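Have a look at the model first, then read on.

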Amino acid sequence: MKNRQKICILLVFVFLAATVLSSCTMQSTETAAVASNADENIIDEENMLSIVEELSSEKYKGRLVGTKENEMAAQYISNQFKQIGLENPEGLENYIQDFETPVILIEEEPIMQLEDKSGNVVKSFTYTENFLFRTLSSSSSIDIKAPLYTVDSIEAAATASEAVENKIALFPLSISRNITVPNVISYCKKTGASAGIIEFDTKSSRRNYSNLTVTPIRADLNVGPYDPYLIVDNDTFSEITDAVSKDLFLHIKCDFSREFNKQVPNVIGMIPGSDPKLKDEYIIVGAHFDHVGDNKNGTYNPGALDNASGTAGLIEIARIIKNSKIPPRKSIIFAAFNSEEARLAGSQYFVRNPIYPLSKSVMINMDMIGCSADIPLTIATANNHKNTLQNELSKYAEEMKMNYKVNIIDGSDHFSFTQMGVESVLLINEDFLNGYHSPDDTIEDVDKLKMEQAVKLVLRYIDNNAY
């Protein structure tokens, strides 16, 4: 009897030991699977680079919101989500979340040239290189020929003057550094100026950019009657300022179309959480895919760094998590936003019309990751809202020995989430001196290893918070 008891006790002990060992083995396997998500060896840099190459190619002509090329880019991302096997959110078709936004599209290459009184062309300037429109006209396409007037001071800019009526007002750098778009529009209204031109600094040590920066024509800024507002580089501004004393005229021309309720797509996919209690908590990984379009003069703005890079990182993270042996316990949403370049319209729509509750969400936004210049990765919050998400990512970046810094930046899609009380951060390599918003933002300026670092940082966060 005693021997039987001993045998039974021994069998129970063996069973318990086997159970514990099995549990440890399973836990070890799960930990290994999870840890591998952030493993450099499974991050496919060449795949990311191929996505950047595709989206920045001439096929998509700069992906400007409201164009067919922008819709093609959305379809490309949708196809990537489908190949990966992401879940299509309920209520959407092919991952597409449509929304309406106002768009203004330039139809032909704009003209700016100095002419004499007889209409002879004295000097022609090149669109995007020498001048760009920031606003157009509230009434019709632009065709203005007028004399020039130099605004001498901020005080003068704030005072109506008959001297500038029916002329094109010139705002030198001393004023343009401290003036806003509404200021220019207001000045033109008050004085009866035909248009306003601001000197844009591309040369001094204080400059923020090395070139004129193309942007979508902001329809939301253009409320009520308004006249054109342009920016020109330093040399062009000097030439047209000199023309004032020569009694020359400036001729500006631009044909455009306007649509106030253009339907455009976000692209949204997700991996549902596997834990019954945690699946209703969400980690949102976002990146905008739109850029600033075609210049109508044989050039386009590829937007390789801004933001084919972030979109490629988004797709790569989705691929890795989906292919993981063990699914995440929390749900992961992958959001490719549209119209970031035009008032963050896509992310604004997403947060105001959430597919999933935002109350238990955090958001990581990737915009311009992997620049080739020696610039650290910035981990930024919006509106001085420091948060635990930024702190945690900074901790991981420190442990990974990354070259990084923290900052406050509002001008990307994470800002939309911050406005709704959602903890959010932006990951960005702030390279604005190497072709930002111009034809020079090409794949040559994207470093695949620095892209990999940003992706690894996001995966590290997901590994530690979703598993």
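## Helix H8

Most of H8 is tucked away: 17 of its 20 residues are buried. Keep in mind that this is a predicted model.

How far apart are the end C-alpha atoms of helix H8? They sit 26 Å apart. At 1.5 Å a residue, the 20 residues of the helix (residues 304-323) should span 28 Å, so the two values agree.

## The largest pocket

The largest pocket holds about 1,200 Å³ of space. Its lining is made up of 36 residues, and those nearest the centre are Arg-134, Phe-200, Tyr-209, Thr-213 and Thr-215. Helix H5 (173-176) and strands S8 (195-200), S9 (229-233) and S17 (423-429) are the elements that each give two or more residues to this lining. S8 gives the most, with three residues.

Next up is the second largest pocket, with about 340 Å³ of space. Here 22 residues form the lining, and Leu-64, Ile-106, Gly-293, Asp-294 and Lys-296 lie nearest the centre. Two or more lining residues come from each of helix H3 (68-84), strand S1 (96-106) and strand S4 (131-135).

Notes
Residues numbered from 1 in each chain as written. Predicted model: local features only at pLDDT ≥ 70, side-chain atom pairs only at ≥ 80, totals over all residues. Heavy atoms only, no water. Helix = DSSP H or I, 4+ residues; strand = E, 2+ residues; numbered from the N terminus. Expected span 1.5 Å × (residues − 1). Buried < 20%, exposed > 50% of the residue type's maximum accessible area, 1.4 Å probe, protein only. 1 Å grid on protein atoms, 1.4 Å probe; cavity = no way out; pocket = protein on both sides within 12 Å on 5 of 7 lines; lining within 4 Å. Points joined across faces, edges and corners; volume = space filled by probe spheres on them.
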